Amino acid sequence: MSLDLHTFQSHEGDFLLMMSFLIKSYSRSLPARILKISGNKIIEIIKESKSYEIVSAIDRILTNAEKTSSAINILRKLCFPLIKTISKPKIKKTSFSRIFEIVLSPWALPLGFLLFFWSSLARVSSTTLLLVYSVTLIMVIAIYLASKEGGLEVADSRNVILFLGSLMLLIGYAAFVVQIAKVGGIPLLNDQLRRGLSPILNYIAWTTVPGTAFLLSSVNLDRCEAYTLTLIGFIPSFFLAFRTEMIAYILATLVVLYHRNMIGGLHILIGIVVAAVFFVGVGAVRSITTGLVQNPIFSVLYRPTITVAALDTIVRLYDLIPVTGGRVHLAAFSSLGLIRGSRYGPRTLISIYTGGRRTVSTTATLIGGPLLDWGWIGAISISFLLVYFLSFSYKFSIGNKHLLGPYATLYSYSMVGIETGILDINVYSYITLALLLIILSLRPKNEIKK
């Protein structure tokens with residue numbers, strides 16, 4: 001296995017070096033020259049079209065969006081002068097700032113993955129131990145390789161991110177209102193209402209998570225306005241009472257606000273405590289409303305043990321070989337009837353394949369789903385790609401604040417995925433959109449100068 005892992009790392013490094021070379025040399029390549037010659041004629045045709053006029057009009061609107069937007073103007077009026085005065089002092093970074101920067105950086109993923117594994121009380125096999133530490137090593141290698149990526153600069157894509165953030169927030173709120181009206185109450189206060197929730201409306205409502213992060217990174221807001229927007233954006237995730245989305249939202253907004261110097265280390269600690277309180281509190285509310293007698297704190301503390309035990313069960317039963325051939329990940333689509341396939345969700349399939357019931361869902365850490373679908377190569381490959389793109393995004397977002405929203409989206413759902421895995425159609429969409437925004441914002445340095 002060590003030989004195969006070494007071979008994989010070698011090929012992966014060669015691939016990344018080749019991709020880096022192609023990106024840097026593209027502007028001097030023959031296809032680029034051909035496109036440059038024919039491009040002028042194509043551009044003239046495009047500029048004469050109605051579509052170009054519409055896109056240009058949208059761009060002009062977005063350029064002045066902060067001045068003309070009623071939503072932003074209302075947001076600013078919500079902040080009273082007294083609150084503005086209190087929020088004016090600049091956040092000072094202390095000697096502990098480096099710790100918080102690590103917590104909000106890609107290094108948090110391998111560290112969090114290890115801590116989650118170590119916090120488990122499950123007795124796992126030596127093969128599972130080898131797999132976990134191999135994945136952690138691959139994550140570290142991915143961070144190192146991404147940090148060496150250079151020769152690229154970021155073009156101004158702030159208007160696009162502002163537009164998408166506004167769109168996602170508005171659509172998400174609309175779906176949230178429809179969902180609440182449909183079930184006739186607030187799921188946070190009545191767990192029985194959750195059974196009547198529409199999965200599609202849930203997924204749409206949760207777009208308020210990346211939508212808020214995008215807006216916080218692309219709009220010039222003062223501290224009070226940013227705090228107000230953060231509270232407004234949290235309402236759908238909070239009242240729908242899905243803990244995964246709550247944690248993802250808190251993590252995403254912490255990333256953007258910290259790197260925009262709107263909060264300090266103390267705020268991050270408070271945010272983590274609040275996330276923990278919500279995680280335990282929602283479980284307590286569910287226990288009370290459903291009449292179950294259980295300790296929500298014990299339930300939360302025992303989750304790593306259950307999740308790691310599920311991963312170990314997969315390893316013991318199938319010995320790191322592919323089992324489902326992609327069906328677990330495709331179940332995110334087929335369970336909604338979008339494609340042919342299993343009508344069970346991804347985590348229910350994991351429950352079935354680990355000997356559980358078809359009426360429950362099982363989490364098996366970040367690598368459980370890829371392991372079932374594609375074996376140990378899938379677990380290592382997915383981990384490498386996820387952390388590489390996360391680190392790559394971090395590298396270019398720190399000096400370009402408008403990209404913090406896409407990076408925060410990648411970061412938050414990756415961190416939540418340590419336990420739950422990345423197995424939901426909405427998370428697929430958020431990660432794809434965030435990566436596209438970051439990649440399409442990059443240009444070779446000499447191209448931007450021209």
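**Entry 1: Thr365 and the basis of the model**

I began with Thr365, which lies in helix H19; helices here are DSSP runs of H or I with at least four residues, strands are runs of E with at least two, and both are numbered from the N terminus. I note that the model is predicted, so that local features need pLDDT of at least 70 and side-chain atom pairs count only at pLDDT 80 or more, while totals for chains, interfaces and linings use all residues. Residues are numbered from 1 along each chain as its sequence is written, and side-chain values use heavy atoms, with hydrogens and water left out.

I found a positive phi of about 70° at Thr365, although this residue is not a glycine. Thr365 is buried, with a relative accessible area of 4%; buried means under 20%, exposed over 50%, and partly exposed in between, with a 1.4 Å probe and protein chains only.

**Entry 2: Helix H19**

I then looked up the whole of H19, which covers residues 365-397. Its 33 residues leave the end C-alpha atoms only 27 Å apart, whereas a straight helix would reach 48 Å; the expected span is 1.5 Å times one less than the number of residues. Where does H19 bend? The bend is at Trp374 and amounts to about 140°, taken as the angle between axes fitted to the seven residues ending there and the seven starting there. I recorded 27 of the 33 residues of H19 as buried.

**Entry 3: The nonpolar core**

The largest nonpolar core holds 111 residues; such a core is a set of buried Ala, Val, Leu, Ile, Met, Phe, Trp, Tyr and Cys residues joined through side-chain atoms within 4.5 Å. H19 gives the most to this core, with 15 residues. Leu371 is among the core residues with the most contacts inside it, together with Phe113, Leu131, Leu240 and Tyr411. I listed what Leu371 touches beyond four places in sequence, including Leu131, Leu311, Ile314 and Trp376; a contact means heavy atoms within 4.5 Å.

Ala241 sits in the loop between helix H13 (223-240) and helix H14 (243-259), and is buried at 2% relative accessible area.

**Entry 4: Salt bridges**

How many salt bridges does the structure hold? I found three, each being a side-chain nitrogen of Lys or Arg within 4 Å of a carboxyl oxygen of Asp or Glu.

Arg303 and Glu419 meet at 2.8 Å, N to O. This pair links distant parts of the chain, with Arg303 in helix H16 (residues 296-318) and Glu419 in helix H20 (residues 404-420), 116 residues apart. Arg303 is partly exposed at 24%, whereas Glu419 is buried at 13%.

Asp312 and Arg316 meet at 2.4 Å, N to O. They are four residues apart in H16, so about one helical turn separates them. Asp312 is buried at 5%, whereas Arg316 is exposed at 53%.

Arg347 pairs with Asp424, the closest N and O atoms being 2.9 Å apart. Arg347 is in helix H18 (residues 346-353) and Asp424 in the loop between H20 and helix H21 (425-440), 77 residues apart. I recorded both Arg347 and Asp424 as buried.
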